[in-house]
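Please look over the two chains shown here before reading on. The report below takes up helix packing, the contact between the chains, and the nonpolar core.

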Amino acid sequence: MVSISDAVSSIVEDGSFVVVGGMHLHNNPMALVREIIRQGRRTGKLLTSPCGAMNADLLLGAGLVDELITSYVGFEHLGLAPNFRRLAEQGSIRILECDEPYIAHGLYAGAGGLPFIPLPRGLEYSDIPKVNPESYTYTEDPFSGERVLVGAPLLPEVALLHAQLSDAQGNAVLLGAHFLDRLIALASKHVILQVERIVSTEEISSHPMGTTIPAFLVDAVVVATGGCHPTSSHAFYTYDEQHLRQYLEMARDERGTDEYLTRYVRQTTEALYQQSMADRIDSLRNEAVLEQRAL
Amino acid sequence: MSLDQPTDWSASELMATVLAGQLRDGEVAIMGTGSAVPQASCRLAQLTHAPNFSYIAGGTCSVNPYQQPLVASSCDYRLLRAETAVPLTDVVLMEGRGDVFDIFFAGGIQIDAYGNCNLVAVGSWNHPHPRGPGSVGLPFLSRVGRILIYTMSHNRRTFVEKVDFRSGPGFLEGPASWREAGLMGGGPAMVVTPLCTMTFNPETLRMQIASLHPGVELQQVVEATGFEIEIEPPLPFTPSPSPEQLDILRAMDPNGLLR
């Protein structure tokens with residue numbers, strides 16, 4: 001285990017290809033995202049998995065993303081992603097437009113060393129491949145001779161992931177949905193894992209098939225209790241709708257975004273952020289937790 | 001809610017009952033972002049006429065969630081109060097296989113006369129206004145049995161002659177292109193909005209009004225639709241939800257997401 005600032009400063013190089021885990025309003029690795037913003041590390045490419053929310057919009061709002069690979073950035077029923085929307089409408093961010101099947105299969109190709117991956121017929125009838133020739137192209141199926149849509153492998157340099165539990169080495173257990181997080185760990189060169197709670201290796205190894213990500217894929221484990229806030233951490237707390245709405249309101253323009261970043265990110269450490277949000281996160285627990293699962 | 005006359009049910013509740021009526025016993029459905037209405041319709045179908053119907057609820061990939069309670073986010077932890085759950089990677093594989101899922105619930109910031117959906121960009125893709133959130137799994141509409149389209153926005157911005165960006169394929173540019181493509185999927189089957197239900201003319205593959213919701217005038221629908229919509233009078237009214245259906249919906253929706 002290392003401090004969050006050491007993990008980010010030693011692993012995330014300026015200009016890296018970064019992928020953020022979690023999906024929609026859930027399991028976003030927000031503690032790591034906030035720390036990247038504090039340290040001002042640029043992400044050369046940012047990949048969402050397949051649906052980004054606060055994890056992508058905040059990095060975009062901080063002006064730290066050169067290129068975005070995504071199939072969705074938004075806040076579901078709460079609204080569109082304000083910074084993503086503004087940058088896209090201004091044409092001031094390079095977007096590699098994708099769909100979910102390509103992101104999943106592209107990560108699979110990255111994880112398995114496949115030079116490219118053929119995609120199911122029919123996907124070429126969306127306009128997505130037309131606007132993203134860097135990720136999609138066509139080749140001849142050597143078996144049928146037909147034209148087939150293919151995708152480039154996705155090979156992120158750094159994955160930012162959240163797990164509910166892990167041991168000190170990083171054997172990680174996701175207690176709720178896994179989304180694409182396991183595949184992301186398999187495809188990425190480095191993994192930084194933020195966790196709600198550290199448990200003993202003995203506890204982990206009593207249910208070895210329950211481990212989502214093995215420690216040898218994890219470069220650094222940081223403890224971030226409440227570290228998904230204002231998104232949810234499955235089995236621990238639900239998303240903070242009031243805070244998310246406040247963000248959406250503030251982030252409607254650049255000045256408000258900057259105010260948000262100053263107040264909740266730049267002028268505070270992650271430990272102070274968690275301290276200031278502890279009561280709120282506590283109040284979000286009851287509704288989310290189905291039952292306290294013992295390992 | 002655009003119905004002028006007072007009713008004891010909401011537009012969302014009506015839409016959930018209409019969609020439930022499209023689901024058959026033994027079928028399997030999938031859906032994506034922001035899908036409280038289709039999720040309610042699936043659970044309603046299971047608890048009424050289709051006990052062996054199955055559905056996968058968004059990114060948690062929970063199979064047959066009990067909707068205790070119905071939730072707004074498609075990836076909510078509470079969806080794991082379910083029969084089981086499968087990995088998202090498996091769902092992507094089964095969508096690709098194409099013969100597993102009978103129903104795909106779709107929507108868009110634009111929906112066109114041929115049932116193509118757009119979740120990406122209005123205007124040019126380079127300088128959109130507005131920029132939509134993105135397409136997620138919608139391109140898989142090309143490989144699914146039937147597409148059920150739903151939207152809470154029945155207006156001329158949403159219902160357009162041709163989508164600016166096709167992110168979910170419907171009947172493409174019409175009969176010739178649809179035949180030529182020879183897609184595996186069956187294409188769009190129904191559209192439901194707060195004003196009416198619409199189906200697709202089997203010859204022209206264009207959207208046609210199938211029923212008006214109680215209290216809605218035909219002229220309202222024509223004015224709210226940005227393309228020339230086909231009408232075959234006399235138009236029936238959409239059946240109102242039954243008391244039994246409303247009881248089931250309200251029992252799963254204590255937070256009133258559908259109200």
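## Surroundings of helix α4 of chain A

In this predicted model, the buried residues of α4(A) pack against α3 (54–61), β4 (94–97), α9 (241–250) and α10 (254–266) of chain A, together with β9 (128–131) of chain B. Those buried residues are Pro82(A), Asn83(A), Phe84(A), Arg85(A), Arg86(A), Leu87(A) and Ala88(A). Because 7 of the 9 residues of α4(A) are buried, this helix is largely enclosed by the rest of the structure.

Just after α4(A), the backbone at Gly91(A) takes a positive phi of about 70°.

Which elements of chain A give two or more residues to the side that touches chain B? Across the contact between the chains, 44 residues of chain A meet 47 residues of chain B, and the elements of chain A that give two or more residues to that side are α4 (82–90), α5 and α6 (128–131). Sorted by class, the residues on the side of chain A that touches chain B comprise 23 nonpolar, 14 polar and 7 charged.

## A helix pair across the two chains

Helix α5 of chain A (residues 100–112) packs with helix α3 of chain B (residues 88–97) at an angle of about 115°, the two axes being 10 Å apart, and α5(A) passes α3(B) in a left-handed crossing. From α5(A), the residues Glu100(A), Pro101(A) and Ala104(A) meet Thr89(B), Val92(B), Glu95(B) and Gly96(B) of α3(B). By class, this contact of α5(A) with α3(B) has 3 nonpolar, 2 polar and 2 charged residues.

## The largest nonpolar core

The largest nonpolar core holds 173 residues, and those with the most contacts inside it are Leu59(A), Leu193(A) and Phe104(B). Helix α1 of chain B (residues 11–21) gives the most to this core, contributing 7 residues, while domain 1 (4–97 + 155–288) and domain 2 (123–152) of chain A each supply at least three.

With neighbours within four places in sequence left aside, Leu193(A) is in contact with Leu161(A), Ala163(A), Ser166(A), Gly170(A), Ala172(A), Val218(A), Ala220(A) and Val221(A).

## Arg250 of chain B

Arg250(B) lies in helix α6 of chain B, which covers residues 243–252.

Definitions and conventions
Residues numbered from 1 in each chain as written. Chains lettered and ligands numbered in written order. Predicted model: local features only at pLDDT ≥ 70, side-chain atom pairs only at ≥ 80, totals over all residues. Helix = DSSP H or I, 4+ residues; strand = E, 2+ residues; numbered from the N terminus. Core = buried A, V, L, I, M, F, W, Y, C linked by C-beta atoms within 7 Å. Buried ≥ 20, exposed ≤ 12 C-beta atoms within 10 Å, placed from the backbone. Domains from an automatic or database assignment. Contact = placed C-beta atoms within 7 Å. Axes fitted to C-alpha atoms, helices over the stretch in contact; angles between N-to-C directions. Left-handed = near helix turned anticlockwise from the far one by under 90°. Nonpolar A, V, L, I, M, F, W, Y, C, P; charged D, E, K, R; others polar.
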